[in-house]
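Got a model open and want to know what the labels on it rest on? Let's go through them one at a time.

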Amino acid sequence: MIRWAATRPAVIWAFGMALMLAGAVAFTKLPLATRTSVELPRLSVTASWPAASAELLETYVTSPIEAAIQGVRGVRKTSSESGDGGRGGGGRGGVANSRITVELEPGVDVQLTRLAIHERLELLRNDFPLGVTPPEVSN
């Protein structure tokens, strides 16, 4: 076998090149995971205010909650939605609902951060207008 290969170097070179070309083509066809999606831990804070508009809820409840949460260690980003729930059944309107989504840093202790957020919300409780349901923190 070695003697045959030694007498035909052009065949060996052609075989080697064909093997490298096939490897290069196969490499480009591999489904490589170039973008890995990391699912960050999240918490949700909800509050409501019966017979109030979404604008009032945003001003007096959602914004102060977001400001308090931003200072908690391990919080990466917050985003909120305030809207009229429409569950009032007549009269002056429905219930205005607020939902704040809190994205946490990767590797943070979720329960400890949740407790810290809950403590900040307890400090804010006396500043909320009458009728606002206490904010709830959930996973």
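This is a predicted model: local features need pLDDT of at least 70, side-chain atom pairs count only at pLDDT 80 or more; totals for chains, interfaces and linings use all residues.

Q: Where is Glu66 placed?
A: Glu66 sits in helix α3; helices here are DSSP runs of H or I with at least four residues, strands are E runs of at least two, and both are numbered from the N terminus. Residues are numbered from 1 along each chain as its sequence is written, and side-chain values use heavy atoms, with hydrogens and water left out.

Q: What makes Glu66 a charge without a salt bridge?
A: A salt bridge needs a side-chain nitrogen of Lys or Arg within 4 Å of a carboxyl oxygen of Asp or Glu. For Glu66, the nearest side chain of opposite charge is Lys77, 10 Å away, with Lys and Arg counted as positive, Asp and Glu as negative, and His and the chain ends not counted.

Q: What is Glu66 in contact with, leaving aside neighbours within four places in sequence?
A: Glu58, Thr78, Ser79, Ser80 and Ile100, where contact means heavy atoms within 4.5 Å.

Q: What covers the buried residues of α3?
A: The cover includes β1 (42–50), β2 (75–84), β3 (95–104) and α4 (110–124). Among the buried residues of α3 are Leu57, Val61 and Ile65.

Q: How do you know that α3 has a kink, and where is it?
A: Take the angle between axes fitted to the seven residues ending at a position and the seven starting there. At Thr62 that bend is about 35 degrees, shortly before the proline Pro64.

Q: Why is the Arg42 and Glu103 pair called a salt bridge?
A: Their side chains come to 3.4 Å, N to O, so the pair passes the 4 Å limit. Arg42 lies in strand β1 and Glu103 in strand β3, so the bridge ties together parts 61 residues apart in sequence.

Q: How many salt bridges does a search of the whole structure find?
A: Two. Glu122 forms one with Arg125, with the closest N and O atoms 3.1 Å apart.

Notes. Buried means under 20% relative accessible area, exposed over 50%, partly exposed in between (1.4 Å probe, protein chains only).
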